[in-house]
Amino acid sequence: MRAEKKEINVQIGKRLQTARENNGYTQEDFAEALGVGVEHYRKLESGAYGLQPEKMLVLYERYRIEPTYLISGEKNSHFNMGVFLANCSREERNDFIEQTLSYMRKLMTGR
């Protein structure tokens, strides 16, 4: 008996794949982070399985993928870097700069 895909799961799966690819991670990376097998993870991206809230929390905590984006597709575009940098600790600032540079390297090298 074939399980029917729910449209919400399909949309979440597409956004999950986009977020993963935009950040340069493999399906194996995300499967490991979520504590599932690669085949199970592939079914999450295809929409055959639904992504549980506790797994969304893992993705947020580890990769900063917003659950709101996964569920609705809405993006938080109200980030003000100047305000963030002015109000964070030196450690947070350095971490932010390191993540930004790492992301830029991935964009430039395609990895």
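**Chat about helix H2 and its surroundings**

Q: Hi! How does H2 pass H4, in a left-handed or a right-handed crossing?
A: Hello! H2 passes H4 in a right-handed crossing. One thing to keep in mind as we talk is that this is a predicted model.

Q: Thanks. What angle do H2 and H4 pack at, and how far apart are their axes?
A: The angle is about 115°, and the axes of the two helices lie 10 Å apart.

Q: Why is that pair called roughly perpendicular?
A: Angles of 65 to 115 degrees count as roughly perpendicular, so H2 and H4 are given that description.

Q: And which residues meet there, between H2 and H4?
A: On the H2 side you'll find Asp29, Phe30, Ala33 and Leu34. Their partners in H4 are Lys55, Val58, Leu59, Arg62 and Tyr63.

Q: How many nonpolar, polar and charged residues does the contact of H2 with H4 have?
A: Six are nonpolar and three are charged, while no polar residues take part.

Q: New topic: the largest nonpolar core. Which of its 16 residues touch the most other members?
A: Those are Leu16, Phe30, Tyr41, Leu51, Leu59, Ile65 and Leu70.

Q: Which helices each supply at least two residues of this core?
A: There are H1 (7-22), H2 (27-34), H3 (38-46), H4 (53-63) and H5 (67-72). The largest share comes from H2, with four residues.

Q: Let's pick one: what does Leu51 touch, leaving out residues up to four places away in sequence?
A: Leu51 touches Ile12, Leu16, Leu34, Leu44, Met56, Leu59 and Leu70.

Q: Back to H2. Is Gln27 buried or exposed?
A: Gln27, which lies in helix H2, has 18% relative accessibility, so Gln27 counts as buried. The cut-off for buried is under 20%.

Q: Which residues does Gln27 touch, again not counting those up to four places away in sequence?
A: Its contacts are Arg20, Tyr41, Arg42 and Glu45.

Q: What about Ala31, buried or exposed?
A: Ala31 is in helix H2 too, and because its relative accessibility is 1%, Ala31 counts as buried.

Q: And what does Ala31 touch, not counting residues up to four places away in sequence?
A: Ala31 is in contact with Val36, Gly37, Val38 and Tyr41, setting aside residues up to four places away in sequence.

Q: Last one: how many residues apart in sequence are Ala31 and Gly82, and how far apart in space?
A: Along the sequence, Ala31 and Gly82 are 51 residues apart, and in space they are 35 Å apart, C-alpha to C-alpha.

Technical notes: Residues numbered from 1 in each chain as written. Predicted model: local features only at pLDDT ≥ 70, side-chain atom pairs only at ≥ 80, totals over all residues. Heavy atoms only, no water. Core = buried A, V, L, I, M, F, W, Y, C linked by side-chain atoms within 4.5 Å. Buried < 20%, exposed > 50% of the residue type's maximum accessible area, 1.4 Å probe, protein only. Contact = heavy atoms within 4.5 Å. Axes fitted to C-alpha atoms, helices over the stretch in contact; angles between N-to-C directions. Parallel < 35°, antiparallel > 145°, perpendicular 65-115°, else oblique. Left-handed = near helix turned anticlockwise from the far one by under 90°. Nonpolar A, V, L, I, M, F, W, Y, C, P; charged D, E, K, R; others polar.
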